[in-house]
Amino acid sequence: MSSELRFDGKVTVVTGAGGGLGRAYALWFAERGSAVVVNDLGGSASGEGSGRAADVVVDEIKAKGGKAVADYNSVEEGDKIVQTAIDNFGRIDILVNNAGILRDKSVVNTSDNDWDLIHRVHLRGSFVTTRAAWPHFRKQNYGRIIMTSSVAGIYGNFGQSNYSAAKLGLLGLSNTLSIEGKKYNIHCNTIVPMAGSRLTKGILPPDMMEGMRPDLVAPVVLWLCHDSCTDTGSVIEAAAGWVGKYRWERTRGMTLRESTNDPILPEAVRDNWEQICDFNNSLHPKGSEASMLLGKVLQDLMEKDANRDAKLSPVEQALNWRPPPVKCQVSAKDIILYALSVGASTADKDGLRYLYEGDETFAPIPTFGVLLAQEALTQSNMITGGMPGFQVDLSKVLHGEQFIEVHKEIPTHGSLEASLSIVDILDKKSGALIVTNVEVVDESGDKVVSAQWSIFVVGAGGFGGKRNSEHIVPPVDPPKRKPDASLTYKTSIDQAALYRLTGDRNPLHIDASFAAMGGFDRPILHGLASYGISCRLVLQQYADNNPALFKSMKSRFTSPVLPGQTLQVDMWQEGNRIHLETKVVETGKAVLTGAYIDLKSVASAPVKAPAAPSTGLLSESVFAEMKRRLDAKPEVGAKINAVYQWNILSNKKPAASWVVDLKAKPGDIYQGEPKGNKADCILTLEDADMVALVTGKLNAQKAYMQGKLKIKGNIMLTQKLQGLLKENANL
């Protein structure tokens, strides 16, 4: 036998040392020279009551000439236990976390208190006491810690779900502490003892209790705590004089995919299960080796991808790219901000549906789904270098077309997941067209939104690729007849500044100097803002503002819009498909073409705008509606008894005149100059302002003060027109 293992000058804290294993540890450490803090609450095996069991052990130690003090604190107050060592001996070198209780019951009969109490004593108690000792160990660059696990924790045992979970948790805690303490000479090991004690009394027969005495385990703990023992992170089992060590074993397993872009299927797991579970030529990973092995699997897959990609053309590399799905969050704030950015107002009919989370019909405008899908493009950095093979110059990017389909009601809050795939890259000679699909699913995996971007990259063509794709959702031109309905919306000068808060922060829409680099004399409105505005107006006209009737929308982007300009959305109904074309009123340029919205059903028969063969001005619809109402209620005109002449301008130039003759019997409204009675009041304004005026979007008094509305003759007569105009908000 070699020299005796001594602990002279050391201070050891043993929790739960009033009996059983803890008592044996305390007696052995004291006999080998260590001062000992004998901690024990003195309660029963189930953790009830208290007593002075620690005093008996202290007396035993002192009777043999050893140093010891008693401590009666619960391990849930581990800092007090450690302080007892500091107050009495000035230091702490060794901590044996041994305290424990039992509350054995089958899982269905285990109460919350049974579960929590076991974890508080075994797992949390060991953590709290170790945490209190840790600063002392670090300061002196020395510490030895023992965690106590159990075969029940490693293998499980009927009726001990609470106990086994806590005991295996201690093993995880020990493994981590051995890593964190390594550079400070702090060792942490786990003992898995089997010994006769108050916790095993009644479980083990008397002869086994004697053959598995605690003093047969204690020497193993002393060795693990000695200066000369270099083990840390070890799991040692001891019983009846037998000692063994555990290690992890893992099969070599197998990789069930050939590329990082490939999925794995349950059938692949089933078909390879025998090899997955084959322990022949198995591995025994230690510490970080486990994660390193998995890292090598991923590295090998990436190398395969790289070797394969090296043989692919840039376009093929981009088409094979499958970035990981991204999370996108939905909140009421996001929905409301989007609605405001596409022109929704509390003054609108059903405006609160989009703007107030407390409204019982609260829901997003359907094109809000584009923002969710767009997260896949943004988070994958598709346009800013994330897409392999095919590199994109951001300053050369144009949004060509957009499609969205809503498959399931978009939630008003929660988390969704968006996945992106490049389905085609077309060679348009002057540039490349990148066709990108995105699917958005909810937490149950149900598809909520699918979207498609057609992105044109100027100057990236000429690579010899195909020119057409079967994957593109095609635009559809409207019928060759006058629109069935038209609605307008005058954008705000700050419309782009507001819309960019929804996520598209491209400086093209806010920074004049950046816009100039793109050839614009001022920042332009986002194409998707015009897209959302158009959707909102179609729902207003054909769906009674009910987003649940929306199915899908497709559009081609053809011209930019400047914030402050007026958008006119012309609509043609063909069954449940509403064709639309959006143009800028001030310039006449179309901005959305080949566009349509498919509805699940049309809410009601829409009010059609009368044909306007002579001028094509929006205000023709206004005067036609006024005439319809005058014909229906001639008494309204008789009460006014005045003649009005409206001079309508287009881009500050005379475009048309209308006469509202309410002196005639019956009253009449017609285009041209007054036929009989001289005009009592002449009003002059722009076509778009006329529409805004009668729909309540432009205040008449404010328009007059700003010079938008000019009046000659009897100005007071304008007040009497309310009888004809007050119902015209539906225009």
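In this predicted model, R23 and E60 pair up through their side chains in a salt bridge, with N and O 2.9 Å apart. The two residues come from distant parts of the chain, 37 residues apart: R23 belongs to helix α1 (residues 20-31) and E60 to helix α2 (residues 53-63). Neither end is tucked away below the 20% cut-off for burial: R23 is partly exposed at a relative accessible area of 32%, and E60 is also partly exposed, at 24%.

The structure holds 31 salt bridges in total. Another of them joins the side chains of K408 and D446, at 3.0 Å from N to O. K408 sits in the loop between β10 (397-406) and β11 (414-427), while D446 sits in the loop between β12 (431-441) and β13 (447-458), so this bridge ties together parts 38 residues apart in sequence. K408 is partly exposed at 34% relative accessibility, as is D446 at 36%.

K663 and D680 make a further salt bridge, their closest N and O atoms lying 3.3 Å apart. Here, too, loops are involved: K663 is in the one between β20 (653-661) and β21 (668-671), and D680, 17 residues away, is in the one between β21 and β22 (681-686).

Turning to helix packing, α3 (residues 78-89) meets α4 (residues 112-140) at about 40 degrees, with the axes 7 Å apart, which makes α3 oblique to α4. Their crossing is right-handed. On the α3 side the contact involves G78, D79, I81, V82 and I86, and on the α4 side V128, T129, A132, A133 and H136. These contact residues split into 6 nonpolar, 3 polar and 1 charged.

Key:
Residues numbered from 1 in each chain as written. Predicted model: local features only at pLDDT ≥ 70, side-chain atom pairs only at ≥ 80, totals over all residues. Heavy atoms only, no water. Axes fitted to C-alpha atoms, helices over the stretch in contact; angles between N-to-C directions. Helix = DSSP H or I, 4+ residues; strand = E, 2+ residues; numbered from the N terminus. Parallel < 35°, antiparallel > 145°, perpendicular 65-115°, else oblique. Left-handed = near helix turned anticlockwise from the far one by under 90°. Contact = heavy atoms within 4.5 Å. Nonpolar A, V, L, I, M, F, W, Y, C, P; charged D, E, K, R; others polar. Salt bridge = Lys/Arg side-chain N within 4 Å of Asp/Glu carboxyl O. Buried < 20%, exposed > 50% of the residue type's maximum accessible area, 1.4 Å probe, protein only.
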